[in-house]
Amino acid sequence: MSRNLKSGWTRREALRASAGFAGAAMLPVMPTVVWADDKPAIGTWPAGSEGDTVNVAAAVPLTGSYAVQGADELKGWELAVEHINTGHELMKAIAPKVDKGLLGKQVKLLSADSAAKPNNAVQAVQTFINDNKIILMTGSTSSAVAVALNKFAQREKILYVAGISGSNDTTGKDCVRYGFRQNFFGQTAAAAIGPVLLKQFGKGKKAAFMTPDYTYGHTVTKSVNDYLTANGGWEMVTNQVSPLGTQDYSQYLTNIANSGAEFLINVNWGRDAVLSTQQAKQFGLLPKMTLVIPYQIPFLAKEVGPDITEGVFAATDFWWTQEDQYPLAKQFVEAFQAKYGYRPEWGAENSYVSFAHWARMVSEAGSFYPPDVIKQYEKGETIPSLLGDVHYRPEDHQCIRPVVIVRGKAKKDMKNDEDFWEVLEVVPGEGLMQKPDEFGCQLGDYT
């Protein structure tokens with residue numbers, strides 16, 4: 001529909017008005033700007049969805065401490081877009097109305113390197129909005145980026161689905177109407193792994209935490225410590241907080257060595273997790289202390305080796321051996337491995353499912369109009385994921401989904417060179433969630 005820029009009317013309104021001028025010449029005329037389907041323009045709508053292709057964009061770390069995890073996420077988004085455009089059977093199992101595109105249009109994925117820096121991510125997405133009229137943004141890996149893109153999405157009125165984001169704040173105090181999260185986070189990780197640790201090791205233990213200094217680290221550490229303290233009488237004897245991108249952890253590890261801790265709970269992420277864990281081994285802290293990974297880092301076991309991760313308990317979003325239990329997981333693992341040559345980690349799983357759920361919401365709403373898509377999410381309907389049925393909570397836009405508890409395998413027990421973890425339990429998500437308003441979520445406006 002073309003817009004009459006001089007009058008501010010749509011072409012349809014102009015025609016209607018001209019037909020009625022003769023009989024209403026003396027009545028005041030109050031022109032209004034109205035677009036397709038008589039809905040006001042908002043964000044990049046309708047310009048971003050008028051052609052035969054719609055653009056979506058990912059601001060994801062491809063350099064820096066989180067580059068390995070970011071690259072894995074990007075592959076998941078790429079595969080999802082390919083499956084949307086080809087009407088792949090896995091995509092149709094999650095979003096049945098997708099048929100070789102979305103509402104008759106092909107989807108194009110654009111991407112930029114955020115280096116896990118919020119300013120970089122926002123600037124990249126702003127460029128995609130200006131140049132490409134994107135209708136969806138994604139990316140994070142760093143929850144600081146997720147929070148920044150949440151706020152940016154609400155301001156620009158363009159939908160945002162988070163990539164990896166473990167902070168409680170993403171769907172807590174920093175939640176927005178235009179943001180959604182599929183993956184698990186600090187609170188759910190703590191509530192899932194806490195009972196396992198208490199059952200395995202008992203009460204009254206002393207733990208040292210290693211925490212990255214931003215929203216993900218602080219909220220995950222708080223959730224895990226709160227659970228272990230309240231339910232098991234554990235004591236945090238030290239919390240060593242380090243900046244993102246730390247190379248030398250010796251000062252932090254020295255403090256831990258002198259703390260009397262029996263457990264080392266490492267909340268660091270990406271390359272920081274690899275380096276801090278390897279250096280803890282070199283310092284002689286491992287296996288003297290028991291290592292716990294409350295929020296599993298994709299590729300950690302591969303990079304530090306099974307000699308370190310053997311017997312380690314971790315909470316995660318997904319592990320590829322679940323293909324033996326869930327048919328959709330099997331389809332995903334096979335498709336991903338065929339395309340990329342390795343079995344997916346949970347970053348790729350999360351990004352694929354996030355896009356598949358978005359495609360479902362758009363196709364069910366029958367519209368790219370952002371408030372329509374948001375309201376489709378907010379129906380809270382039961383929908384498929386790779387690990388069974390899930391739903392989105394309308395109060396905070398968090399997906400209610402299971403958390404997977406794994407334990408590191410000994411090298412002798414690995415069936416192949418990617419068989420690092422044994423799945424111990426799949427914990428239903430509903431019982432792990434805090435109340436919707438407990439972390440201060442107030443979603444904001446649709447328009």
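Trainee: Which residue forms a salt bridge with Glu-378?

Mentor: A salt bridge pairs a side-chain nitrogen of Lys or Arg with a carboxyl oxygen of Asp or Glu. In this predicted model, Glu-378 is bridged to Arg-177, with 2.7 Å between the closest N and O atoms. Glu-378 sits in the loop between α14 and β13 (383–385), and Arg-177 in the loop between β6 (159–162) and β7 (179–180), so the pair ties together parts 201 residues apart in sequence.

Trainee: Is Glu-378 buried or exposed?

Mentor: Buried means under 20% relative accessible area. Glu-378 is at 14% and therefore counts as buried. Arg-177 is buried too, with a relative accessible area of 14%.

Trainee: How many salt bridges are in the whole structure?

Mentor: A search finds 17. One of them joins the side chains of Asp-372 and Lys-39 at 2.4 Å, N to O. Asp-372 belongs to helix α14 (residues 370–377) and Lys-39 to the loop between α1 (11–20) and β3 (53–60), so this pair ties together parts 333 residues apart in sequence. Asp-372 is partly exposed at 22% relative accessibility, and Lys-39 is partly exposed at 22%.

Trainee: Which residues are linked in a network of salt bridges?

Mentor: Lys-151, Lys-173 and Asp-174 are. Within it, the side chains of Lys-173 and Asp-174 meet at 3.1 Å, N to O.

Trainee: What about the nonpolar core?

Mentor: In soluble globular proteins, nonpolar side chains tend to be buried together. Here the largest nonpolar core has 140 residues, and Met-137, Tyr-352 and Trp-358 have the most contacts inside it. Helix α13 (residues 346–365) gives the most to this core, with 10 residues.

Technical notes
Residues are numbered from 1 along each chain as its sequence is written. This is a predicted model: local features need pLDDT of at least 70, side-chain atom pairs count only at pLDDT 80 or more; totals for chains, interfaces and linings use all residues. Side-chain values use heavy atoms; hydrogens and water are left out. A nonpolar core is a set of buried Ala, Val, Leu, Ile, Met, Phe, Trp, Tyr and Cys residues joined through side-chain atoms within 4.5 Å. Buried means under 20% relative accessible area, exposed over 50%, partly exposed in between (1.4 Å probe, protein chains only). Helices (H or I, at least four residues) and strands (E, at least two) are DSSP runs, numbered from the N terminus. A salt bridge is a side-chain nitrogen of Lys or Arg within 4 Å of a carboxyl oxygen of Asp or Glu.
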